[in-house]
Amino acid sequence: MEFKELFEMQRELDAFIEETQNIERDVFKEKGLALMVELAELANETRCFKFWSTKGPSERKVILEEFVDSIHFLLSLGNVRELSLDAWPEVKRKEDLTHCFLSTQEAILTFIQQPDENTYRTVWQYYGMLAFNLDFTLEDIMEAYLAKNEKNYERQRNGY
Ligand SMILES: O=c1ccn([C@H]2C[C@H](O)[C@@H](COP(=O)(O)O)O2)c(=O)[nH]1
């Protein structure tokens with residue numbers, strides 16, 4: 001499966017969620033806030049900023065699941081504004097994780113305020129950088145995305 005096909009999978013999941021929840025309005029802002037929250041949840045699982053604690057990060061699979069929660073909303077926001085991306089942004093640059101999170105947060109806020117091709121691509125670039133620094137390959141991400149996508153259908157079917 002190609003990365004680009006995730007946009008279509010996300011569109012189908014979103015249509016199912018909106019039908020199940022009777023949503024007819026534009027929920028771009030809500031999805032924008034959801035992405036900010038998912039980014040914070042991801043940071044929290046890495047514990048990268050917790051200089052006051054000796055406890056290590058959560059299990060890799062927990063961090064990966066949080067990562068693909070962000071990917072869901074990022075794909076979804078693109079679909080809402082008819083923005084897309086042809087290929088996964090391979091960014092191979094070692095960076096401090098806290099710095100990555102702060103930059104990603106800033107990029108998301110800029111995109112929400114001004115959604116266009118450029119600001120959208122920038123957010124993806126930062127997610128590419130986060131993936132590299134968290135040691136996630138595109139294969140890891142695709143596999144985890146497919147699993148979480150299915151879980152999201154199940155949650156809706158079971159009255160989430
Ligand atoms: O319109 C939506 C709303 C939610 N989700 C998915 C993305 C995340 O995987 C998950 C987040 O749900 P919480 O666990 O935060 O409730 O729901 C979508 O894909 N599209």
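Start with the shell around the ligand: by class, its residues are 4 nonpolar, 3 polar and 6 charged (Ala, Val, Leu, Ile, Met, Phe, Trp, Tyr, Cys and Pro count as nonpolar, Asp, Glu, Lys and Arg as charged, and the others, Gly among them, as polar). Keep in mind that this is a predicted model, where local features need pLDDT of at least 70 and side-chain atom pairs count only at pLDDT 80 or more, while totals for chains, interfaces and linings use all residues. Numbering runs from 1 along each chain as its sequence is written, and side-chain values use heavy atoms, leaving out hydrogens and water.

Now select the 13 residues that surround the ligand; the closest include Gln-10, Asp-14 and Tyr-160 (a residue counts if one of its heavy atoms lies within 4 Å).

Next, show the polar contacts (pairs of N or O atoms within 3.5 Å). Click on Asp-14: an N or O atom in its side chain is 2.8 Å from a nitrogen atom of the ligand. Over at Arg-155, a polar side-chain atom lies 2.9 Å from a ligand oxygen atom, and for Glu-38 a polar side-chain atom is 3.2 Å from an oxygen atom of the ligand.

Finally, colour the helices (DSSP runs of H or I, at least four residues, numbered from the N terminus). Those giving two or more residues to the shell around the ligand are α1 (5-20), α2 (28-46), α3 (60-80) and α6 (138-157). Which one gives the largest share of that shell? Pick α1, with 4 residues.

Terms used:
Polar contact = N/O pair within 3.5 Å; in protein donor to acceptor, adjacent residues only side chain to side chain.
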